[in-house]
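I opened the model to go through its charged side-chain contacts and its sheet. My notes follow.

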Amino acid sequence: MEKTFTILVIDDEPSIRMGLAATIRRYGYEVVTAVNGDDGFLKARQSLPDLIVSDVMMPDLNGFEMKKQMGEDPLLASIPFIFLTARTATQDRVAGIREGADDYVTKPFVTEELMARIEAVLRRVKTEQERGREQGRQAAQEEMEKLRREVLQNFSHELRTPLGNVMMSL
């Protein structure tokens, strides 16, 4: 059975947070919610989500600051990130991408478009995970082959040494 992806939704506006969480759940994903950047950081450490969808403009720790903090945490640094914000200026979108976001969606958003973007990021995550597992399998096979050669070489050497002593005494 395939693992269900977990998505962390962070937004200080309750109606957006709850509506987005309900929509994402209808698409079959697990959802964890957080009310601001500080809460989001804690929930990310607890749940280790497959993707984070976060507002940018929040009290206390804003989305950009939270993403930066997560980038410094080895446990959270590789989690993909989609910023969801009312900031529509080009420089804001560029800043979001430069801050490490995988995508940047402006409010108001079309649900189908947001879900398509979420699915695209998760497809990429799944592909990267599969590639990593395959590379791990190949590395393990190479290591086993190397170990097998070393064992055979040592076995051969260990067998020849006593046989040589026996042959010399004969």
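I looked up the accessibility of Arg117 and got a relative accessible area of 26%, which is partly exposed. My cut-offs are under 20% relative accessible area for buried and over 50% for exposed, with partly exposed in between (1.4 Å probe, protein chains only). The model is predicted, so I take local features only at pLDDT of at least 70 and side-chain atom pairs only at pLDDT 80 or more, while totals for chains, interfaces and linings use all residues. Residues are numbered from 1 along each chain as its sequence is written, and side-chain values use heavy atoms, with hydrogens and water left out.

Entry: salt bridges. I count a salt bridge when a side-chain nitrogen of Lys or Arg lies within 4 Å of a carboxyl oxygen of Asp or Glu. The search of the whole structure returned seven. One of them joins Asp103 to Arg117, with the closest N and O atoms 2.7 Å apart. Asp103 is in strand E5 (residues 103-106) and Arg117 is in helix H5 (residues 111-169), so this pair ties together parts 14 residues apart in sequence. Helices (H or I, at least four residues) and strands (E, at least two) are DSSP runs, numbered from the N terminus. Asp103 is buried, at 15% relative accessibility.

Arg117 also meets Glu113 in a salt bridge, at 2.7 Å from N to O. These two are four residues apart in helix H5, about one helical turn. Glu113 is partly exposed at 37%. I therefore noted Asp103, Glu113 and Arg117 as linked in a network of salt bridges.

Entry: I found an open sheet of five strands in the order E2-E1-E3-E4-E5, with parallel pairing; two strands pair if DSSP finds at least two bridges between them. Strand E2 (30-34) and E5 are at the edges with a single partner strand each, so one side of each has no neighbour in the sheet. Strand E3 (residues 51-55) pairs with strand E4 (residues 81-85) in the parallel sense over four bridges. I checked Ser54, and its bridge partner in E4 is Phe83.

Helix H1 (residues 14-26) packs on the sheet and touches strand E1 (6-10), E2, E3 and E4. Contact here means heavy atoms within 4.5 Å. Helix H3 (residues 63-71) also packs on the sheet, touching E1, E3 and E4.

Definitions and conventions. Axes fitted to C-alpha atoms, helices over the stretch in contact; angles between N-to-C directions.
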